[in-house]
Amino acid sequence: MTTLTETKPVEYLSDHIPEPGEVYEVLPGIKWIRMPLPFQLNHINLWMMEEEDGWVLIDTGINNDRTKDIWRDIFGRLLNGKSLKRLICTHAHPDHIGLGGWLHRQYGAELLITREEWTFGRIVSRGPMASTEFYHKYLRRVGVPEDELDEYSQHLVSAEHLYEEVPERYERLRDGSTFDIGGHSWEVIVGLGHAMEHACLYCEELNVLIAGDQVLPKISPTILVHSHEPKANPLKDFLDSNEKLRRLPESVKILPSHNQPFTGLQIRLDYFISHHDERLERVRDICREPLSGLEIAQKLFPQELDQSGKFFAIGEAMSHIRYLEDDGKLKRTENPDGIDRFQRD
Ligand SMILES: [Zn+2]
């Protein structure tokens with residue numbers, strides 16, 4: 001679930017939005033490719049840079065025939081006899097690494113990624129993370145009725161199709177480490193909460209931040225509690241780790257994975273805090289009486305939701321519930337009917 005927002009406007013770097021297959025130089029030496037996605041969020045931004053002996057690509061698009069066709073077309077025009085040498089993935093969500101295996105095997109690109117993201121991507125790209133029965137058990141505790149369990153777990157059961165098998169080998173990106181692209185030094189700044197170990201890439205010399213999904217100009221990144229780590233507190237992780245980005249200059253040019261390149265880093269970091277504060281307050285307000293995770297999700301997102309929307313709604317609701325629970329502002333009761341309910345203290 002991503003939330004459309006009204007906020008102090010950021011400034012976009014360019015009015016131009018590339019068509020599928022178009023390669024657009026958004027900043028000197030940085031090419032912007034906008035790959036279509038068959039979801040409500042209908043595109044992802046990808047970046048390419050040329051070096052003397054090859055190309056570097058950041059993120060991939062999902063695994064489907066259309067994305068592969070667009071890549072074949074782009075590489076045919078662009079690579080100019082050079083190889084696709086390195087593939088850097090900001091994190092292991094399918095729109096970012098879905099074609100990582102294909103690009104590695106077909107074009108020889110070596111994968112650079114953080115360790116937790118590689119591990120997660122490697123597991124999920126080789127089959128479901130867990131059994132359907134495991135998801136059902138989790139969803140029963142959240143309050144999903146028996147006849148809707150399949151619908152609510154479908155998004156997870158089918159996620160592996162969005163990935164080609166993530167490569168067996170990778171080079172590790174770690175928080176604070178640096179690497180070189182075309183003579184410029186890039187620093188890895190790890191963000192948490194949206195993904196487990198999301199890499200943002202910062203080049204001080206170029207004054208550019210490749211932000212992945214950690215900082216987006218229009219929407220708020222999805223922050224979800226997942227069934228495999230039900231006690232996680234990803235919202236706290238997200239807000240805390242974002243503070244590491246405060247030291248960057250406000251003039252930094254941000255290349256985000258969705259919508260357009262922009263400036264306005266502090267505006268967005270401030271907005272994420274106020275947006276989630278509002279949501280937390282709303283959840284506390286809703287929980288005057290004991291409610292299940294599902295009931296809270298339905299009050300937060302009263303609109304009609306498709307399968308994926310339902311999965312995101314529960315994950316988002318649980319991330320706010322978990323934050324309040326750890327903060328001592330919401331109390332959980334485990335009930336004889338097997339459903340956990342939450343009430344404000
Ligand atoms: Zn993501």
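Residues are numbered from 1 along each chain as its sequence is written. In this predicted model, local features need pLDDT of at least 70 and side-chain atom pairs count only at pLDDT 80 or more, while totals for chains, interfaces and linings use all residues.

Colleague: Is Val166 buried or exposed?
Modeller: Val166 is found in the loop between α6 (149–157) and β9 (171–172). Helices (H or I, at least four residues) and strands (E, at least two) are DSSP runs, numbered from the N terminus. A residue is buried if 20 or more other C-beta atoms, placed from the backbone, lie within 10 Å of its own, exposed if 12 or fewer, and partly exposed in between. Because Val166 has 25 C-beta neighbours inside 10 Å, the residue counts as buried.

Colleague: Which residues is Val166 in contact with, leaving aside its neighbours within four places in sequence?
Modeller: Two residues are in contact if their C-beta atoms, placed from the backbone, lie within 7 Å. With sequence neighbours within four places left aside, the contacts of Val166 are Ile97, Gly100, Gly101, Trp118, Gly121, Arg122 and Ser125.

Colleague: Which residue in β12 is the bridge partner of Ile189?
Modeller: Strand β11 (residues 184–191) pairs with β12 in the antiparallel sense over five bridges. Strand β12 (residues 198–203) is mostly covered, with five of its six residues buried. In β12, the partner of Ile189 is Cys200.

Colleague: Which residue takes a positive phi in the hairpin of β12 and β13?
Modeller: β12 pairs with strand β13 (residues 208–212) in the antiparallel sense over three bridges, and Cys203 stands opposite Val208 in β13. This hairpin has four residues between the strands, and the positive phi, near 60 degrees, is that of Asn207.

Colleague: Why is α7 roughly antiparallel to α8?
Modeller: Axes are lines fitted to C-alpha atoms, for helices over the stretch in contact, and angles run from 0 to 180 degrees between N-to-C directions. The axes of helix α7 (residues 234–242) and helix α8 (residues 265–286) come within 10 Å and cross at roughly 155 degrees. Angles under 35 degrees count as roughly parallel, over 145 as roughly antiparallel, 65 to 115 as roughly perpendicular and the rest as oblique. The crossing angle therefore makes α7 and α8 roughly antiparallel.

Colleague: How many residues of the contact of α7 with α8 are nonpolar?
Modeller: Leu235, Leu239 and Asn242 of α7 meet Leu269, Phe272, Ile273 and His276 of α8. Ala, Val, Leu, Ile, Met, Phe, Trp, Tyr, Cys and Pro count as nonpolar, Asp, Glu, Lys and Arg as charged, and the others, Gly among them, as polar. In this contact no residues are charged, two are polar, and the nonpolar ones number five.

Technical notes: Pairing = 2+ DSSP bridges.
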